[in-house]
Amino acid sequence: MGELVTAVDLARVQFALTANVHFLFVVLTLGLTPIIAIMQTRYVLTGRAVHLTMTRYWGQLYVVNYGLGIVTGLVMEFQFGLAWTGVDRVAGQVFGAPLALETIVAFFAEATFLGIWIFGWGTLPKVVHLISFYLVTITAYASAVFVMVANGFLQHPVGYVLRDGTARITDLRALFTNPEAVGALRHLVPAALMLGGMVVAGISAWQLRRHPDDTDVFLRSLRMGVLVGVAGAFFTFAFGWAQLDYLRTDQPGKVDAIMPSKDAGPVTDRPPGWIALPFSIMQQFGEYSAYLGLFLLPFLIRRWIVRRRILLRVMTWWIPLPFVAVVCGWLVREVGRQPWAIYGVLRTADATSLSTGQVAVSLALFGVVVVGLAGTNWLVLLMLARRGPHRLALGRVLGDDEPAAATEPAVV
């Protein structure tokens, strides 16, 4: 085993597994929060029960995904610190700062505001309760900023000096304006909105086919999901291609691997050529999603989409595809910087100090935990999504009867 599979190989598999699973939670969280914020805003402005029902239904799915996503994030950070001691030794003082801020924002601030939102139904004034969810949304995106700043340093180290083998921050502004961080964030945000919009649209399409009594709730949700998804797809596509401008300079090997050119000169440190496949899948998915969204737009007028059951089926079948696309994007970004753990500073082969046996054990343990959490998350989300806007737990005051979906509930 030691000759065929090294500790580095297993550590890379472990990181890929834990990071990818956690990333799926993150993009869904980022995609759902603005949509739910809009739904609740419309409720506060209009007082209409349908907007409240939409907020509670989609908010319930969001809360489940957020809660289990936090646990997968803890697992990912723990395995990172355990397996990649070389990265911590060389660059821990640099990217440790944004990761610490991400922990404070995501684990404390975001969780605090979310707790206020969950338990503030029926207690806080409507506007204050709405503000608490806007703060949840802001801190969620702030968390994404800090993570991308840390990852951007690994992709393209800037704003530092290397002393005695340890990187130290010299220019905080350069760290936060790193093109590898800013460009990736501009690509990630619309990708998350695209994913969130398509999930909302796909689940709504399923409900419209199965439960016509809830058409008002899910037709409105479907329209919002499609509009957000289409806008996200276009900006994801545009900002994705824009990254090539600086990648040709910062990581020419990655560009050569995903878009080989006969005119290019010799390229050193070229990552595995197979990343061209996930790049192609991601690219084509974004393009087809934009076309599908444009095709669906006319059917959002009145109730035309409700009678097109084949379109509703397509939208439901489309749900897994944005998750596949974001995983492909992550593979291109992370595998594309190989053979470097910190580009140009620390090779991946020198970044772990554990033995093959130790990494194998941790891989088995962490693998079971994150796969179990992901399976639990999707099972609970599926059950809640199928149940529909009735018997909602979120926003329900103990002792009160569950309000009907189309009537004004007394919880807020």
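Q: Which helices each supply at least two residues of the lining of the largest cavity?
A: This is a predicted model, where local features need pLDDT of at least 70, side-chain atom pairs count only at pLDDT 80 or more, and totals for chains, interfaces and linings use all residues. Residues are numbered from 1 along each chain as its sequence is written, and side-chain values use heavy atoms, without hydrogens and water. Helices are DSSP runs of H or I, at least four residues, numbered from the N terminus. The suppliers are α6 (179-210), α7 (215-242) and α10 (276-296).

Q: What is the volume of the largest cavity?
A: On a 1 Å grid over the protein atoms alone, a cavity is a set of points where a 1.4 Å probe fits but cannot get out; lining residues have an atom within 4 Å of a point. Points are joined across faces, edges and corners, and a volume is the space filled by probe spheres set on them. The largest cavity comes to about 130 Å³.

Q: Which residues that line the largest cavity are the closest to its centre?
A: The lining has 14 residues. By class, 8 are nonpolar, 6 polar and none charged; Ala, Val, Leu, Ile, Met, Phe, Trp, Tyr, Cys and Pro count as nonpolar, Asp, Glu, Lys and Arg as charged, and the others, Gly among them, as polar. The closest to the centre are Met198, Ala201, Val226, Leu292 and Leu296.

Q: Which element gives the most to the lining of the second largest pocket?
A: A pocket is an open set of points with protein on both sides within 12 Å along at least five of seven lines. The second largest pocket has a volume of about 350 Å³. Its lining has 14 nonpolar, 1 polar and 1 charged residues. With 5 residues, the top contributor is α14.

Q: How are the rings of tyrosine 62 and phenylalanine 133 arranged?
A: Rings of Phe, Tyr and Trp (its six-membered ring) pair if their centres lie within 6.5 Å; planes under 30 degrees apart count as stacked, over 60 as edge-to-face and the rest as tilted. Here the centres are 5.8 Å apart, with 80 degrees between the planes. The pair is edge-to-face.

Q: Is tyrosine 62 buried or exposed?
A: Buried means under 20% relative accessible area, exposed over 50%, and partly exposed in between (1.4 Å probe, protein chains only). Tyrosine 62 has a relative accessible area of 0%, so tyrosine 62 is buried.
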